[in-house]
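Here is a friendly walk through a two-chain model, meant to be read with the structure open beside it. Shall we look at it piece by piece?

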Amino acid sequence: MLNKLIVKDMYTFSSKLKTFSIILMAVGLLGIGYGFLTAPKDIHEVETILASESHEGHGEVKHETSEVAGESHAAAENHNEVKDASEHNEHLTHVLHQLQNKPWAALYVACIFFLLVTMGVLAFYAIQQVASAGWSPVLFRVMQGITAYLPWGSVIFFVILVLCGLHFNHMFIWLDPEVVAHDKLIAGKSGYLNFPFWIVRAGIFLIGWNVYRYYSAKNCLAQDESKDDSFYKKNFNISAMFLVFFIVSESIMSWDWILSIDPHWFSTLFGWYVFASFFVSGITTICMVTLYLKSKGYLEHVNTSHIHDLAKFMFGFSVFWTYLWFSQFMLIWYANIPEEITYFITRIQLYNLPFFGAVVMNFLFPILILINTDFKRISWVLVMAGTVILAGHYIDFFNMIMPGTVGDRWFIGVSEIASVLFFLGLFIYTVFTALSKSPLLPKRNPFIEESKHFHY
Amino acid sequence: MSNKVIYAIYNDDDILMDAVKKTRAAHHHIEEVFSPFPVHGLDKAMGLAPTRLAICAFLYGCVGISVATAMMNFIMIQDWPQDIGGKPSFSYIQNMPAFVPIMFEMTVFFAAHLMVVTFYMRSKLWPFKQAENPDVRTTDDHFLMEVSVNNNEEELVSFLNTTGAVEVKVIEKH
C-alpha cells in the first residue's frame, strides 16, 4: 500500500485560488468605483447623454433592442418641442435618478444574490439536520464552509440598506418623504414601509440567521470530540427553531428588500418565488464547491451517489422555481388587472431578453440536461449546468430589482459585472478560508457511517 | 441437460442480497428471485441490465404534451373559439399561458399511465394471470432465489446452505 494516496483530511487554501479571489475583488472594486464615478452628477449631464443618444447611430442601435425605450425617447423629444421646460426638467431628473441608481442597483443585486445563495445553503443544511438525513453528513463541512460568507455578506448588505435610508440613492422610492407625500398608495403603507421599522427588521433577520449559523457550526465541531450525541441533538433543536424563524423572516425579507422596490405592486407568493430562486442556487453552489474539492483530492467519502442526489435537487428545484415563476405570471396575465399587470408589461417590453432568457437558463436548459440519470454523475456536465443555473438566477434577481430602480436604463456593463466579480472574489476568499479551518469530515456525527456508505 | 433448479429460501433481505452476490461470484446462474417487496439494489446485484423505462417515460411525456397542444388548439382556437377574460381566441401562441396547466397535466398523465402499462407488459402481467410464485411464502415474508443446476447438484446445495438459506430444495422443472 505504499503508493496509496495520502488522504487529505484538512483542506489547504491554495495560493493560486487565494490570489485569484483577491484579483477578483480588486478588479471588482475598480469597476464598482468606475461605475460610481461615471454616473451623471446633474441634469445637464443627462441632457448631453440623451442628446448624444438620439443623434448618434449608437443610440439607435440601443433603441432597437427595446422598442419602448425608443418610443419613450421619441416621446421625450416631442416633449422638448411642445411641452414647457418644467416637464422637460422633470423627465431629466427622472432619468438622472435612474442613471444614478444604476451603480447602486448593480451593487445591490450582486450583494443580495450572494447573501441569499448563502442563506439557501444554510436553509438546506438546517433541513438536513432536522430531517436526520443519513446521506448528507459528509457534506456538512462543505455547507458550513459556504455559509461562512454569511457574516461578511450581512454586514455589507446592512451597510447598503443604511446608505439607502440616508438617501445616497433612490432605489427605494418610499424612503423619500417627498414621494410619500404625493403618493396615496405608498402613504397608506407607511405604517409598515418606513425607514426605522424596515432597518430594525433587517437587523433582526440578519442577526438571527448569523446566530444560528455560528452556533450550528460550533456544535457540529464540538460533536467531533464529544463522547455522546448531545451536540448533535442540540443542533437538531436549534435547526428546527431556525427553520421556523427562517421561513417567516424569509418571506418578510423578500417584501422588504425586493418587493418594496416596486411599492405599488404586490404578489402573495413573492416570498416563495424568491426562496425557490436562491434555494436552487444554494444547492447548485454546494454541488460546485463539492466537485471542486473532490477534483483536488479531498472529500474521499463523497461518492457519485452524493453528487447524483445534489444534481437531483438542482433538477427538482429548477422545476419548482419554474412552477412559481409561472404561477405568479399566469394569474396576473389572466386577470389582467392594471395595478398588477404593469409589473410584467415593464419586464416583457423593456427586459424582454433577460426576462425570457432567465426562463431558458433556469428551466429549459437544466431540465433538458439534468433529466438524464447518467449526466447527473458527470462532473463537467454538472459544472456547466450549475454555471448556467447560477447565472440564470442572478439574472432573475436582476429582473426583480432593475426595472424598479433604473427602468429602461438597464445594461449589463462595467458596474454589473464588476459587482458580481467583487462579491464572487469575497465569496471564494471567505468560503475557502473557512473550509481550511476545520476537518472536512464530521467524524462523530451519528449518521456518518451511513453517509459514508450511501449508495444509490 | 436436466431441467433441475434449486429453490433457496431466505427470510431476510440483507441475507438475500449477500447470497445473491456470493452466488454470482461463485459463477452459478441465478434464474430469478422472488420477493414480497422491491429490494433496493437487487437488480444490480443480480446483474440485470439497467431499465429503459425512463426513456419510455420521456417519450410518453413528449406524446402527452403534443396531444395536449393539438387538443387545446382544436378545442379552443379552431373548433369553438371562446372569449375568456378578453384573451385573444384566434391564436394558440398568444393564449399559450392559459394552456400550460393542461399541457403539463397531459404530459404527466401520459407518462405515468403509459409507463405503468409498459411495465406490466414487460413484466408479463395482465388481469387474471396465474401467479408464477413457486412458493406462497414469497408473497408474505420470505425470499426465494432460483438457481439452475448443471450436473452440480450436491455442490450447489451445500454451497447455498452456507449462504444463510433457511431452506434449500431441488425441483424438477417442466
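## Helix packing in chain A

In H5(A), the residues Leu116(A), Val117(A), Met119(A), Gly120(A), Val121(A), Ala123(A) and Phe124(A) meet Phe278(A), Phe279(A), Ser281(A), Gly282(A), Ile283(A), Thr285(A) and Ile286(A) of H12(A). Contact here has a simple cut-off: the C-beta atoms of two residues, placed from the backbone, lie within 7 Å. Helices (H or I, at least four residues) and strands (E, at least two) are DSSP runs, numbered from the N terminus.

A word on the source: this is a predicted model, in which local features need pLDDT of at least 70 and side-chain atom pairs count only at pLDDT 80 or more, while totals for chains, interfaces and linings use all residues. Residues are numbered from 1 along each chain as its sequence is written, and chains are lettered from A and ligands numbered from 1 in the order in which they are written.

Helix H5 (residues 85-130) and helix H12 (residues 270-295) of chain A pack at an angle of about 80°, and their axes are 7 Å apart. Axes are lines fitted to C-alpha atoms, for helices over the stretch in contact, and angles run from 0 to 180 degrees between N-to-C directions. H5(A) and H12(A) are therefore roughly perpendicular, a label that covers 65 to 115 degrees, with under 35 roughly parallel, over 145 roughly antiparallel and the rest oblique.

## The sheet of chain B

Chain B holds an open sheet of 4 strands in the order S2-S3-S1-S4, with antiparallel pairing. Strand S2 (30-34) and S4 of chain B are the edge strands with a single partner strand each, so one side of each has no neighbour in the sheet. From one strand to the next, the twist averages 20°. Helix H1 (residues 13-25) of chain B packs on this sheet and touches S1, S2 and S3 of chain B, its direction making about 10° with that of S3(B).

Two strands count as paired if DSSP finds at least two bridges between them.

| Partner of S1(B) | Bridges | A facing pair |
|---|---|---|
| S3(B), residues 143-148 | 6 bridges, antiparallel | Ile9(B) and Leu144(B) |
| S4(B), residues 167-172 | 6 bridges, antiparallel | Ile6(B) and Val170(B) |

Ile9(B) also has a bridge partner in S4(B), namely Glu167(B).

Is S1(B) buried or exposed? Of its 7 residues, 5 are buried, so S1(B) is largely enclosed by the rest of the structure. Buried means 20 or more other C-beta atoms within 10 Å of the residue's own, exposed 12 or fewer, and partly exposed in between, with C-beta atoms placed from the backbone. Asn3(B), in the segment before strand S1 (4-10) of chain B, counts as exposed because it has 10 C-beta neighbours inside 10 Å.

## Helix H3 and the chain contact

Helix H3 (residues 53-79) of chain B has 27 residues and reaches 36 Å from its first C-alpha to its last, close to the 39 Å expected at 1.5 Å a residue; that expectation is 1.5 Å times one less than the number of residues. Tyr60(B), Gly61(B), Gly64(B) and Ala68(B) are buried in H3(B), and its buried residues pack against helix H4 (92-122) of chain B.

Between the chains, 7 residues of chain B are in contact with 8 residues of chain A. On the side of chain B that touches chain A, H3 and H4 of chain B are the elements that give two or more residues. H4(B) provides the largest share of that side, 3 residues.
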